[in-house]
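Let's take a friendly walk through one protein model. Have the sequence and the 3D view ready as you read.

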Amino acid sequence: ELAFDADEVFIRIDKRSNPQRIRLWTVTAGTVEVRTSTDGCASFGSPGTVGSGDFVTADIAQSGVEYVYWIDGGDIKGRRYDRAGTALEAEFVAVAGVDDAGIAVAVRPVSGGAERVVLRYYVGGVRTVATSQDGVNF
């Protein structure tokens, strides 16, 4: 049984990993954390802090790269992870000047084995879409 006190919960399953890896992000009092399960959610490892903010979202690309974004102080911040869950770089600002009103990400394959990262968010109450080839520069 998984029990925790969180303001937000977001889950992603890496179906290409063996054993299948399940990533659970939570936001509690402005702290974004991630937990991992490799036993079908029977148990999760200790939480690791991702950053500070709200509205966490993530997607796992076919390449195994995990793209994680959250809103902190009007900026969309992000971090990429490899399949083992190791951060590929420090926290970065993906998009500045957004509403604190929700966020979504999707990673889609494009020709030649490349990937396109699509962020959806709000600016001035208007839904906005930004794309990136690397998940860092939008």
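## The lining of the pocket

By class, the residues lining the largest pocket are five nonpolar, one polar and seven charged. Here Asp, Glu, Lys and Arg count as charged, Ala, Val, Leu, Ile, Met, Phe, Trp, Tyr, Cys and Pro as nonpolar, and the others, Gly among them, as polar. A pocket is an open set of points on a 1 Å grid over the protein atoms alone where a 1.4 Å probe fits, with protein on both sides within 12 Å along at least five of seven lines; lining residues have an atom within 4 Å of a point.

The space in this largest pocket is about 190 Å³. Among its 13 lining residues, R16, D59, I60, A61 and Q62 are the closest to the centre.

## About the model

This is a predicted model, where local features need pLDDT of at least 70, side-chain atom pairs count only at pLDDT 80 or more, and totals for chains, interfaces and linings use all residues. Residues are numbered from 1 along each chain as its sequence is written, and side-chain values use heavy atoms, leaving out hydrogens and water.

## The open sheet

Follow the order β1-β2-β3-β4 and you trace an open sheet of four strands with antiparallel pairing. Strands are DSSP runs (E, at least two residues), numbered from the N terminus, and two of them pair if DSSP finds at least two bridges between them. At the edges, β1 and β4 (48–52) each pair on one side only.

## A buried arginine

Now find R23 in strand β2 (residues 21–28). R23 counts as buried because its relative accessibility is 4%, where buried means under 20% relative accessible area with a 1.4 Å probe, protein chains only.

Notes. Grid points are joined across faces, edges and corners, and a volume is the space filled by probe spheres set on the points. Buried means under 20% relative accessible area, exposed over 50%, partly exposed in between (1.4 Å probe, protein chains only).
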